[in-house]
Amino acid sequence: MDAGLYIVGTPIGNLGDMTARGIETLKAASLIIAEDTRTTRNLLNRFEIKTHCISCHKFNEVQRCDEIIARIRNGEAVAMVTDSGMPCISDPGARVVEACRAAGVLITSAPGPTAVTTALALSGFGGHGFLFAGFLARKSGARRRTLEQCAALPVPAIFYESPYRLLKLLEEIEAVMGTERRVFVARELTKKFEELLSGTPAQIRQQFGERTVKGECVVIIDSAE
């Protein structure tokens, strides 16, 4: 491969979703930079990828930039992955991309799935655009302000949320947007215990009942229209 930075999408759950091009890119690269090498090792082992892998996460991303650029200028192809989905989408990687662009080195992508578009397709709310806002703030005041800003949107609003805060978020959506606003919750997408729930905030809370919510969640609030 040509020297450069290769942004590689990885499965959001089911390892069978890894693309052929993504596998080829990881095998041919000189180096893989990963959000968590332990998680990425599972993927590499599955597809017998022997490329050397080092960490590049939110705590050391800035420090890694000079090393990555130096390797690329020395003729190496560096592949970047995160734990799941596309790097830079509510995951580390944007600072590396920015530094590489400033350095004038090649940047390209072997794209893969993302939880955002997967959940939107499953919701039935899509077709006319959407707003993706990543993870909501933990403080209730900031969360409420974000929800208020989304209340009148003509397109769906999509968030990632911790399972520990999901039921609280549903209560907040109801308080800000009313009892009839449609919501879609996707939990553990593409995994064995995938769960897709649609309805009003109260209906979804009722479907969870007394269960402890587990796994990664995507929440989609339908448009005001």
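Does Ala-94 count as buried, partly exposed or exposed, and what is its relative accessibility? At 46% relative accessibility, Ala-94 counts as partly exposed, where buried means under 20% relative accessible area, exposed over 50% and partly exposed in between (1.4 Å probe, protein chains only).

The model is predicted, so local features need pLDDT of at least 70 and side-chain atom pairs count only at pLDDT 80 or more, while totals for chains, interfaces and linings use all residues. Residues are numbered from 1 along each chain as its sequence is written, and side-chain values use heavy atoms, with hydrogens and water left out.

**Overall architecture**

The chain comprises 8 helices and 10 strands; these are DSSP runs numbered from the N terminus, with helices being H or I of at least four residues and strands being E of at least two. Its C-alpha atoms fill a box of roughly 60 × 35 × 30 Å along the principal axes. Of the 225 residues, 47% count as buried. Among contacts (heavy atoms within 4.5 Å) with a separation of 6 or more, 71% come from residues 24 or more positions apart.

**Helix pairs**

The table lists two packed pairs. Axes are lines fitted to C-alpha atoms, for helices over the stretch in contact, and angles run from 0 to 180 degrees between N-to-C directions.

| Pair | Residues | Angle | Axis separation |
|---|---|---|---|
| H3 and H4 | 61–73 and 94–103 | about 40 degrees | 9 Å |
| H7 and H8 | 166–177 and 201–208 | about 160 degrees | 9 Å |

The crossing of H3 and H4 is right-handed, and that of H7 and H8 is left-handed; a crossing is left-handed if the near helix is turned anticlockwise from the far one by less than a right angle, and right-handed if clockwise.

In the H7–H8 contact, the residues from H7 include Leu-166, Leu-170 and Ile-173, and those from H8 include Ile-204, Arg-205 and Phe-208. By class, this contact has 8 nonpolar, no polar and 3 charged residues. Here Ala, Val, Leu, Ile, Met, Phe, Trp, Tyr, Cys and Pro count as nonpolar, Asp, Glu, Lys and Arg as charged, and the others, Gly among them, as polar.

On the H3 side of the other pair, the contact residues include Glu-61, Cys-65 and Ile-69, which meet H4 residues including Ala-94, Val-96 and Cys-100. That contact has 10 nonpolar, no polar and 3 charged residues.

**Helix H4 and Ala-94**

Ala-94 lies in H4. Apart from neighbours within four places in sequence, Ala-94 is in contact with Glu-61 and Cys-88. The C-alpha atoms of Ala-94 and Glu-61 are separated by 9.1 Å, at 33 residues apart along the chain.

The buried residues of H4 are Val-96, Val-97 and Cys-100. Seen down the axis of H4, they fall within an arc of 100 degrees and so line one face of the helix, the arc being that of the directions from the helix axis to the C-beta atoms. The face turned away carries the exposed residues Glu-98, Arg-101 and Ala-102. Cover for the buried residues includes strands E1, E2, E4 and E5 together with H3. After H4 comes Gly-104, with a positive phi near 75 degrees.
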